[in-house]
Amino acid sequence: MRTALSAEKTILLLLVLGATLICGLPLLLLFKTGLTNEAGLNLAPLIEALQSRSVRRALWHSIESSLWSALAATILGSLLALLVGLTDIRAKGLLVFLILLPMMIPPHVTAIAWIQALGPASPVLQWLGIAPELGSTHPLYSREGLVLLLTLQHSPLVFLLVRASLRSFPRELSDAARVSGAGAMILLRRITLPLLGPSLLAGFALAFVAALGNFGINALIGIPARYTTLPVLVWRRLASFGPDVLPNVAVISVVLAMVALAAILIQNLLQRRMRNSLIGLPQDPLAISLGNKRAVVEILLWLFVACVLLLPAASLLATSLVRTYGLPLSSDTLTLDNFNEVLWRQSVTLRAFANSTMIAGLAAAVIATASLFLGYFLSHRSPGPRRWSGLALTQSEVAFAVPGLVMSIAFILAFIRPLPMINVSLYGTLWIILIAYVSVFLAIGLKPVAATFLQMDPSLEDAAKVSGAGFVRRMSRVFAPLAAPSAASGAILVFLTAYNEVTVSALLWSTGNETIGTTIFNYEDGGYTTLAAAMSAVVVFATIFIMLAMNALARRVPSGTIPWKD
């Protein structure tokens, strides 16, 4: 028993120290650097930064675009969730897959696809004869275009939250309302929407924070539109002047972090006031009959999905198949040279695919393993383990809530100098990106595992202890197998997110340590549009292939393993 207790305490201590070193410490160092001047730690650097016209303008642009896109994403995502979750429309499984697909596509790939879909040089619009005149301003290069793409990118997040909330409602609520003669609109207005209040607020806050820290769309749309947001301002200053401007960009990052944390804090406070206690077991919600309107609703829904997915995808593919961007797609201009270039000739793209696959896979494995132990300690009956593991959970949630570019600055500050004792610097290596992925995405993998452990009967541990099982045996033989589907679900989401991301690695990559996201962004930023399109097309195909492969495995793995399957 003493050995088991020692192993339990040792693992808990390592987990808390690890979370502190990769989540809490970099952020503390960021705030210390950003809020320190000759007089010591104070608010003077923050006030001075806010007096800068460029910072104030970028801050307003960030808040404005995030608020409007979050509001639009909440409305769109909630409407889709209500249609799929509460009505009798057909092919719901396929619709859910297609609605969630944009969430898995990297934001910078989304931006590139829509730029090529709606611009004067769009091969698809040229083929249809409806392309804007050459030389005209791109319709997406504006505040409204930025908000539109942010909305399409983040509405699946709201859809996922609201749909999960609908599935947790007890069926008795809907049955009682229908028996009392309530129609679909009264049911929606008087029961469903009030009960969905906390989920709608959470979806809005999540979409706001995601838009606030989005780098790919903000850069590729905002820079040509001269609509600079804070993430782009940080990236441009650091890219132009190098590490010498770290104190300057640190204070801007502090501003961005404070806005994000304030949004999360306000959301938590409002959610506590809006919380409702539900009695009864969750069941499948009512499938409200649409009657003769079902065909019209289904047509509109499928048209929306087609516009969101097919138009940019077709444009992306068409651009990747022409010799030069701007040429119409025809038998004379058709070529596979762009794919040959990015897949076989360019060493940087092959290296980027290998790097992203390796570090995304390692990050997913590390997070899944750590989540199993942290989830156990979070559900522990003793207050000590719960308190210490709760500290690790809080740090991971803050690291996830803070925009990825802010975490990149924090990691540069934390690891730009050689590590003490071993005198090895992680800055400029692939390992700093891996550690950043673990820090930023730990909350994604931990949440489902923690929820699973909280649902387990405490008598399982009592029975194992009575049988003489120590901590390691209890974890390996009892708890890990039960929580494995949730851990696998979280790991899949972590892998797909890290595999395609660009926000976290935008400032951490270096020559030889490129990722897929940074390589695509650099191609597009450097004017190699057809190569960016070809590599983006490969990434989209790879993402769809992975998701379809996971779908095919859904019947052979335990329920809950595939994150987007019921």
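Hi everyone. Before we start, one definition: the helices I'll mention are DSSP runs of at least four residues, numbered from the N terminus. Keep in mind, too, that this is a predicted model.

My topic today is salt bridges, and the structure holds 8 of them. As a reminder, side chains of opposite charge can pair when their charged atoms come close.

Arg-345 and Glu-341 meet through their side chains in a salt bridge, at 3.2 Å from N to O. Both sit in helix H14, residues 337–345, and because they are 4 residues apart there, about one helical turn separates them. Arg-345 itself is exposed, with a relative accessible area of 53%.

Arg-351 forms a salt bridge with Glu-514, and their closest N and O atoms are 3.0 Å apart. Arg-351 belongs to helix H15 (residues 347–378), while Glu-514 lies in the loop between helix H20 (471–500) and helix H21 (516–525), so this pair spans 163 residues. How accessible is Glu-514, buried or exposed? Its relative accessible area is 5%, so Glu-514 counts as buried. Arg-351, by contrast, is partly exposed at 29%.

Last one, friends. Glu-64 and Arg-143 also make a salt bridge, 2.7 Å from N to O. This pair again links distant parts of the chain: Glu-64 is in helix H3 (residues 53–86) and Arg-143 in helix H7 (residues 143–167), 79 residues apart. Glu-64 is buried at 10% relative accessible area, whereas Arg-143 is partly exposed at 35%.

Conventions: Residues numbered from 1 in each chain as written. Predicted model: local features only at pLDDT ≥ 70, side-chain atom pairs only at ≥ 80, totals over all residues. Heavy atoms only, no water. Salt bridge = Lys/Arg side-chain N within 4 Å of Asp/Glu carboxyl O. Helix = DSSP H or I, 4+ residues; strand = E, 2+ residues; numbered from the N terminus. Buried < 20%, exposed > 50% of the residue type's maximum accessible area, 1.4 Å probe, protein only.
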